[in-house]
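The following account leads through a sheet and its surface, and then through the aromatic pairs.

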Amino acid sequence: MADVKIENVIKRYANVQVMHGVDVDIKDGEFVVLVGPSGCGKSTLLRMLAGLEEITDGTISIGGRVVNDVIPKDRDIAMVFQSYALYPHKTVYENIGFPLKMAKRPESEIKEKVTNAAEILDLAHLLDRYPKQLSGGQRQRVAMGRAIVRDPQVFLFDEPLSNLDAKLRVTMRVEIKELHQRLGTTIVYVTHDQIEAMTMADKIVVMRDGRVEQIGTPLDLYDYPTNVFVAGFIGSPSMNFVHGKIGATDGKKHFESDNGLILPIPETTAEIGQGVTYGIRPEHIDIGETGIAMKVVVVEPTGSETQVVAKSNGDLIDALVKQRISARPGSELYYVIDPANAHLFDRDTEQRI
């Protein structure tokens, strides 16, 4: 196991700079997820950590050793790819043991490590099968087993679940998290799925356009997003945003949208008249007998929850509630918002106030 330090890392392709001074500090044994939309630089950063991409400037250290000029096989890392990358003509046993065979390890050691990895991943009964005889989840576990037998300091996962169906992704999330708890090895995991990030990570690194927007625990990012981008990216359904300004009635501040919608706010240093973006998560809105009058646009029952899209003038706001609602499009209902759950961002800079 080892810590990982990424310090002021810059990446350029010819005259185009795609990474802009990235700093990430990963502790020994930590499960860190790099998350962000396509093109944000998360996979490029992972490939630089693996040695598959050159670093233009800055340093990457693994276990206290700078690895900028160390070739991939000497970095003591193991990578699990999105595509599994299994050898179709080799059995599960041969695929898992391949790195050890290439390292010319004794057959007794190969058998011991393959057997141990297969037991950890529930593959012991599949060792004689070929990849074409396996399901997608089983193939992914074989790819993980091939990484485990190397006993690396750091595991790197590059969107390993994106090819799986929704139900299998949930199962594999649990298996990878359990694997981390058993092995205690440092893991750096790339995904564009914020649900994966929230459920698996000890620490999340949110990236956009080759820059780090925020680093923190899943709940830190959920409760205290540093800007509009992080607030909208973390959480599902996404946070509602309404543009407007700070108003006041009888000296008490409130939010007033551009369309005249009045919403409650927590205590704030924002000044009356200041332009702000108001954020409220759908799950933090209740439906009551009194409150903020809204006209229903769409009602989407999911069984355990109901998602309601309603509007006031031109402002659309989603609510996600536990109760079942019989409201129809065009009818009126009342949103109840606890001001303590509201978020305020500067309208120009989009930074949290």
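Isoleucine 292 has tyrosine 335 of β19 as its bridge partner. This is a predicted model, in which local features need pLDDT of at least 70 and side-chain atom pairs count only at pLDDT 80 or more, while totals for chains, interfaces and linings use all residues. Residues are numbered from 1 along each chain as its sequence is written, and side-chain values use heavy atoms, with hydrogens and water left out.

Strand β19 (residues 332-337) runs antiparallel to β16, and four bridges join the two; strands are DSSP runs of E with at least two residues, helices are runs of H or I with at least four, and both are numbered from the N terminus. Two strands are taken to pair if DSSP finds at least two bridges between them.

Valine 298 is partly exposed, with a relative accessible area of 33%; buried means under 20%, exposed over 50%, and partly exposed in between, with a 1.4 Å probe and protein chains only. Together, Val297, Val298 and Leu316 make a nonpolar surface patch of about 210 Å².

The structure also holds seven aromatic pairs. Rings of Phe, Tyr and Trp (its six-membered ring) pair if their centres lie within 6.5 Å; planes under 30 degrees apart count as stacked, over 60 as edge-to-face and the rest as tilted. Tyrosine 87 and phenylalanine 98 form a tilted pair, at 4.7 Å centre to centre and 55 degrees between the planes. Because tyrosine 87 lies in the loop between β6 (77-80) and α2 (92-102) and phenylalanine 98 in helix α2, this pair ties together parts that are 11 residues apart in sequence.

For phenylalanine 241 and phenylalanine 345, the ring centres are 6.2 Å apart and the planes stand at 70 degrees, so the pair is edge-to-face. Phenylalanine 241 belongs to strand β11 (residues 240-249) and phenylalanine 345 to strand β20 (residues 343-346), so the pair ties together parts that are 104 residues apart in sequence. Phenylalanine 241 is partly exposed, at 28% relative accessible area, whereas phenylalanine 345 is buried, at 0%.

Conventions
Patch = residues over 30% accessible without salt bridge, like charges linked within 9 Å, V, L, I, M, F, W, Y side chains within 5 Å. Areas by Shrake-Rupley, 256 points an atom, 1.4 Å probe, with all protein chains shown as cover. Salt bridge = Lys/Arg side-chain N within 4 Å of Asp/Glu carboxyl O.
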